[in-house]
Amino acid sequence: MIDRAVVPISLDTRHPQMTSTQEALGRSLARLADFPEVSERLVTMSPDVATSTHLSGWINKVGVFARETAHDYEEGAQRLLKWQPAPAGRHIELGISEMNLFMALGQFGLSYELTGQHLIPLGTVYDPFVCRGLDALIYSLYVGSRMIFAGTPAGVSLSPEGGAHQSTVTPSLGIELPSVAFYEPCFAKEVEWTLLEGIRECCDRKHGLSTYLRLSTKAVDQSLFAEPLTRFGEEYLQRQVLEGGYRIVDRRVHAPELSAADTVQIFSGGIMIPEAIEAAHRLHEEGVAANVINVTSADRLFGALRKARRAQLHDAHAPLDLGHLADLIPAEERRAPIVTIQDGASHSLAFLGSVFGVPVVPLGVDEFGQSGSRQALYEATGIDATRIFNAGMLALDLAAS
């Protein structure tokens, strides 16, 4: 069995300034191939979407699995993807069947219990089609399989491909399914950290969890990550990311001249952070002290809160703990109204209003998608920066009424 201590703390992968979380996963896996203690146990698989989910770099290093070596008719040719099936390959390409993907992930995730050989399975699948394999996924989690799967691309951010490829309910699945940790990173470094944590969880056969990463093809400006990285330091910020979120815009830092009496909390899931930050800056210009909390894992936030509440039910003297939410929202701001924003069903983050007993304006995608430019779809579904700004003003009005 692999000792989780051999998993690297950081991959130190170099990413372009404009990078999507899907690209970051591909780069991270390609870099991980250079760590033999882990990569020799890592097996990837996809239902016919290996290249479109950015696994090419990994495949070029580790090869494609086949029971017999296939003849390479393009031997010596210059090509970006080296698709050479052989018994030593560590990527498995399935037909277009998400049910088969999750059945395979579930069995590979039990390899140690079944064969004594510890494998770490990682699958990539278009996020809306997680639902196609949900039955196999649930049974795999139920029997204690340890796996990682990336739902990518996700949401209406996959704008040109039409409504059938735009997921809405999957954030709720990530929050509500037992035995799986759900992350929705925005920046490349967050992808690295959550991927490595997922591998560590797979190494813990007794207490570990499976991991679900909801990713996107939306390119995000990585310079937005620089300020909180400097403010918190890498070690502390990494811990916050894995606990569920951090303040990427803090009114005390970015708008210290504004009164705390007019504060709005903007909780943003995943890749909607650039729009949330833009809306916060507009609110600052209007004299509203807006914070933006990057929710890297609504699952972790709710799980910590649920654990605290259960402890209080069993012990009347237990502290009225809020989990990591207590760090995100200090006591003096807990009466501030909340706006939530999600490239998915608005319901998935709406629970945050009940935590503090304050008004919440939940924004998200609550209708079937369509084709169009990303900005046009954001405007059509009400998750663009202007709608977030308007929701912030509405939240203040609701709090005052």
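Me: In this predicted model, in which sense do strand 14 and strand 15 pair, and over how many bridges?
Reply: Strand 14, residues 338-341, pairs with strand 15 in the parallel sense. The pairing runs over 4 bridges.

Me: Which residue of strand 15 stands opposite I338?
Reply: V360 in strand 15 does.

Me: What sheet do these strands belong to, and in what order do the strands lie?
Reply: The sheet is open and has 5 strands. The order is 11-13-12-14-15, with mixed pairing.

Me: Which strands stand at the edges?
Reply: Strand 11 (245-249) and strand 15 (360-363) do. Each has a single partner strand, so one side of each lacks a neighbour in the sheet. From one strand to the next, the twist averages 20°.

Me: Which helix packs on this sheet, and which strands does the helix touch?
Reply: Helix 18, residues 385-400, packs there. It touches strand 12 (263-269), strand 14 and strand 15. The direction of helix 18 makes about 160° with that of strand 15.

Me: Now a helix pair. At what angle do helix 1 and helix 8 pack?
Reply: Angles are sorted into classes, and those under 35 degrees count as roughly parallel, while 65 to 115 is roughly perpendicular. Helix 1 (residues 21-32) and helix 8 (residues 188-203) pack at about 55°, with axes 9 Å apart. That makes helix 1 oblique to helix 8. The crossing is right-handed.

Me: Which residues of helix 1 and helix 8 meet?
Reply: Helix 1 brings T21, A24, L25, S28, L29 and L32. Helix 8 brings A188, V191, E192, L195, L196 and I199. By class, this contact has 9 nonpolar, 2 polar and 1 charged residues.

Methods. Residues numbered from 1 in each chain as written. Predicted model: local features only at pLDDT ≥ 70, side-chain atom pairs only at ≥ 80, totals over all residues. Heavy atoms only, no water. Axes fitted to C-alpha atoms, helices over the stretch in contact; angles between N-to-C directions. Helix = DSSP H or I, 4+ residues; strand = E, 2+ residues; numbered from the N terminus. Parallel < 35°, antiparallel > 145°, perpendicular 65-115°, else oblique. Left-handed = near helix turned anticlockwise from the far one by under 90°. Contact = heavy atoms within 4.5 Å. Nonpolar A, V, L, I, M, F, W, Y, C, P; charged D, E, K, R; others polar. Pairing = 2+ DSSP bridges.
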